[in-house]
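Please brief me on the fold of this chain.

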Amino acid sequence: MSFSPEVINAAWKRAGGRCECILATCPSHGGRCNKALDPQNRTEGMKWHAHHVVSQSAGGSDGLQNCLILCVPCHEHTKSYGRS
Ligand SMILES: [Zn+2]
Ligand SMILES: [Zn+2]
């Protein structure tokens, strides 16, 4: 399972088109990442992903509250990267 387009669109609007990462473990930013992302382009250029805060293998939902818009470098720093 993955997020529906509706959930991703809602998360994108909430994020304001910017990375929502607030992980303290990311080396590239303090506070919130806020990297500007390209809404049309999830595979090239300014890449971004819809991330499961709680991974699906841990029972995370496909709801908006479990969806974070992250740039790829930030996504790679999440513990569940590659497992959701
Ligand atoms: Zn980021
Ligand atoms: Zn980050």
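## The enclosed strand

Strand 2 is largely enclosed by the rest of the structure, because five of its five residues are buried. The model is a predicted one.

- Strand 1 and strand 2 run antiparallel and are joined by five bridges.
- Within this pairing, His51 has Leu68 of strand 2 as its bridge partner.

**Overall layout**
- The chain has two helices and two strands.
- Read from the N terminus, the order of elements is α-β-β-α.
- Of the 84 residues in the chain, 26% are buried.
- Contacts between residues at least 6 apart in sequence join residues at least 24 apart in 58% of cases.

**Nonpolar core**
- The largest nonpolar core holds 14 residues.
- Those with the most contacts inside this core are Cys19, Trp48, Ile69, Leu70, Cys71 and Cys74.
- Helix 1, strand 1 and strand 2 each supply at least two residues of this core.
- Strand 2 gives the largest share, five residues.
- Beyond its neighbours within four places in sequence, Cys19 is in contact with Trp48, Ile69, Leu70, Cys71 and Cys74, among others.
- The contacts of Cys19 also include Cys33, Asn34, Lys35 and Leu37.

**Ala11 in helix 1**
- Ala11 lies in helix 1.
- Ala11 counts as buried because 20 other C-beta atoms lie within 10 Å, and the cut-off for buried is 20 or more.
- Leaving out residues up to four places away in sequence, Ala11 touches Ala50, Leu64, Cys67 and Ile69.
- Ala11 and Ile69 are 58 residues apart in sequence, yet their C-alpha atoms are 6.6 Å apart in space.

**Asn34 in the loop**
- Asn34 sits in the loop between helix 1 (5-15) and strand 1 (48-52).
- Its phi is near 65°, a positive value in a residue other than glycine.
- Is Asn34 buried or partly exposed? Asn34 is partly exposed, because 16 other C-beta atoms lie within 10 Å, whereas a buried residue needs 20 or more.
- Asn34 is one of the residues in contact with Cys19.

Key:
Residues numbered from 1 in each chain as written. Chains lettered and ligands numbered in written order. Predicted model: local features only at pLDDT ≥ 70, side-chain atom pairs only at ≥ 80, totals over all residues. Helix = DSSP H or I, 4+ residues; strand = E, 2+ residues; numbered from the N terminus. Buried ≥ 20, exposed ≤ 12 C-beta atoms within 10 Å, placed from the backbone. Core = buried A, V, L, I, M, F, W, Y, C linked by C-beta atoms within 7 Å. Contact = placed C-beta atoms within 7 Å. Pairing = 2+ DSSP bridges.
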